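Dear colleague,

Please find below the structure that I am handing over to you. My notes on it follow directly after it.

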Amino acid sequence: QTKPLAAVLKDVCDAWSLPNAEHYALQYADGRHTYITESNRREIKNGSILRLATSPDQEAQRLYNGIQSKNVDVKTDSLKKLASLSQDVTFAQEFISRNGLKQIYSIVEEGNDTGEMLAHTLKAFTELMEHDFVSWENLSTVFIKKIVSYVNMNMVDASIQQLSLSILENMVPTSRLFFELVKKEVTLDRLLTHLQVTNAQLQLKAMALLIALLLTATDAERRDMMDYLREKNIRQFIHKNIIHSSEPLGDEMAHYLYVLQSVSLNLCEHRMRTSMDPYSQEQRELLQSLRQAAFESESEGPASNYSTERRRSLCAKEFRKLGFMNNSNPAEDFRRAPPGLLALDNMVYFSRNTPNAYSRFVLENSSREDKHECPFARSSIQLTLILCEILHVGEPCSETAQAFYPMFFGQDHFFEELFCICIQLVNKTWKEMRATQEDFDKVMQVVREQITRTLALKPTSLELFKTRVNVLNYSEILRLRQTERLHQEETLAVPVLELRERLKPELLELIRQQRLLHLCEGTLFRKISSRRRQDKLWYCRLSPNHKVLHYGDVEEGVHSPPIESLTEKIPVADMKMLLVGKECPHMKEKSSGKQNKDVLELAFSIVHDVEEYCLNFIAPNRYEFCLWTDGLNVLLGKEMTSERTQTDLDVLLSMELKLRLLDLENISIPDTPPPIPKPPSNLNFCYDFSHAEQ
């Protein structure tokens, strides 16, 4: 490692009597055959096997000539080799510097082949573009149209369609021109056709392109696209064939479904942020329809034969019964945005789609004592706001989240239908709490808890949600709160606190062992580039003797690869320190946008070796992040610092204390130990043997 790389190569070539040492390079014999350069030579581990190969510049020149060959076999072999070598950044740089991409463009633009040669060409193109040396905006319209044609062809290999969809997905966000071109050429119908195939990878790439188009579109375009997808019953298809298919849902598809759910819910954002306009005829009619649906049938016919003054006071009285704060001018109640007009839309939907439930709600509360009536309008406005917050309406999509609700895809008009269930829940909880107007905020707090606890159970349909949320009544919420409070509260008597301190070291050792065992089992990590979510996976695990960290790339679907298959390794003795969050090298270039915040919270790096190289991780979730950072800190001989350590320690201490104190139930523990009594005056432990003998 002390010699320059050129000198090392010269020694090797001399040993084998090979002239022109500059025409050769070293590369790893295993794995991805990465070339060794001055910049990455420090990453070579003891025990790595290297091989002498043609240098990247020579190889790039040879393949550059090979892909222009008139001989089809030579050309195909060169493209195949190119697709494989393009993963290496050194080779990619050499090939691109020879204007190699221009040759790839011409093969695609001028060729009519749709077989193996084209698949290798597109694979090579994808890998070369992955290194970000060339902007996607440099692509010609002819090239893009050719890629589009492969997506639109019926008789073409699935691997070519997958690569083409992937290329378009990367291209769409880079320029408005490309977005318009792809949106025009690849119709939504065509994407839906690809979604309906049995090939899971093709399905995934089609979904990826659909999501890229939706995220790049303007608000108006997005609304039109979503309307069209709704017409084509995409929701029912996803619910039946993707969520409830026999195959388990992959992380990437789960993310796309989360984005689709988020985009759909965000269509409500405009109404949520718009206050009511008291001069809008349409909005006033909606407001009046609420009053008429509840009370018009009561009075015989409309109140047209009353004087204007009488009619106005009658309307005000009815609006007060409906639960408006400002009954003379109810439009004022909708001035607060959010929830704005979205609350009015929900109320009208409830009154029209479930008229019996609506009438029952209003009339039931009209007949209660004034202070015990549950205000329908005020509750609806507050409930709409709560639902918007719980479902993150109006918030940007996260870059990595996968938390979608299966029931969202099982129901048309999901938001409105959810509101209909929850507004009836408000009335039920109000009665259970025997609430008055002063308790309004308290009731809404309980309702929020009922909704969030039920959503956390991931019900698969709204019917199931309705059943579960109704079972979770006020007394059940109180019981859960009480249980949680008891879990949190520890006895604060001084002897118990002393016992806690004595038990801590033993339990911390237990947590350390658990963390190291988790590292030995290993975890699947996902590579995320600065540009987009990657579908590349790698696995990392600790050796059973806790001496070496093994890691390496794995294929999709491999969950626990044997330790021998992980080719890379880092001796624990070489590890210098652990970096988390913003300190990590792979996070420094990230923008500070909301979308990167969640990735930032999951990032950590191990600094190792003399030259301080880093192995960068992005944990799949917060739980894995805590376990890995703790385990690595244990290996480094440092304290475990994650929030999970504190939680685990609290749980273990709580259990241990309860077991130790079982015998002291209902006995008050004094703060100071009772005094030890003086020994009795006749205390004599000495036994006189002489008397025994007699």
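Which residues in H13 meet which residues in H14? Ile 238, Ile 242 and Ile 243 in H13 meet Met 253, Leu 257 and Leu 260 in H14, where contact means heavy atoms within 4.5 Å.

Before the remaining findings, a word on the basis of these notes. This is a predicted model, in which local features need pLDDT of at least 70, side-chain atom pairs count only at pLDDT 80 or more, and totals for chains, interfaces and linings use all residues. Residues are numbered from 1 along each chain as its sequence is written, and side-chain values use heavy atoms, with hydrogens and water left out.

Domains

The domain assignment gives domain 1 (1–49), domain 2 (55–134), domain 3 (273–296 + 311–485) and domain 4 (505–648); such bounds come from an automatic or database domain assignment. Taken over C-alpha atoms, the centres of domain 2 and domain 3 are separated by 60 Å.

Helices (H or I, at least four residues) are DSSP runs, numbered from the N terminus. Axes are lines fitted to C-alpha atoms, for helices over the stretch in contact, and angles run from 0 to 180 degrees between N-to-C directions. Angles under 35 degrees count as roughly parallel, over 145 as roughly antiparallel, 65 to 115 as roughly perpendicular and the rest as oblique.

Helix H13 (residues 234–243) and helix H14 (residues 251–265) pack at an angle of about 165°, with their axes 13 Å apart. H13 and H14 are therefore roughly antiparallel to each other. The crossing of H13 with H14 is left-handed, a term used if the near helix is turned anticlockwise from the far one by less than a right angle. By class, the contact of H13 with H14 has 6 nonpolar, no polar and no charged residues. In this classification Ala, Val, Leu, Ile, Met, Phe, Trp, Tyr, Cys and Pro count as nonpolar, Asp, Glu, Lys and Arg as charged, and the others, Gly among them, as polar.

H14 also packs with helix H11 (residues 200–216): the two axes come within 10 Å and cross at roughly 30°. That makes H11 roughly parallel to H14. H11, too, passes H14 in a left-handed crossing. Among the residues of H11 in this contact are Met 207, Ile 211 and Leu 215, and those of H14 include Glu 252, Tyr 256 and Val 263. By class, the contact of H11 with H14 has 12 nonpolar, 1 polar and 1 charged residues.

Helix H16 (residues 281–295) and helix H18 (residues 340–353) pack at an angle of about 40°, with axes 10 Å apart. That makes H16 oblique to H18. Their crossing is left-handed. The contact includes Gln 283, Leu 286 and Ala 293 of H16, and Leu 344, Met 347 and Arg 352 of H18. By class, the contact of H16 with H18 has 8 nonpolar, 3 polar and 1 charged residues.

Pro 338 lies in the loop between helix H17 (308–321) and H18, and Pro 339 lies in the loop between H17 and H18. A cis peptide bond joins Ala 337 and Pro 338, with omega about -10°. A cis peptide bond also joins Pro 338 and Pro 339, with omega about 5°.

Aromatic pairs and a backbone feature

Rings of Phe, Tyr and Trp (its six-membered ring) pair if their centres lie within 6.5 Å; planes under 30 degrees apart count as stacked, over 60 as edge-to-face and the rest as tilted. By this rule the count comes to 24 aromatic pairs. The rings of Phe 91 and Phe 95 have their centres 6.0 Å apart and their planes at 20°, so this pair is stacked. Being 4 residues apart in helix H4 (residues 89–97), Phe 91 and Phe 95 are separated by about one helical turn.

Asp 132 is placed in the loop between helix H6 (116–130) and helix H7 (141–152). Phi of Asp 132 is near 65°, a positive value in a residue other than glycine.

With kind regards

Note on methods. Helix = DSSP H or I, 4+ residues; strand = E, 2+ residues; numbered from the N terminus.
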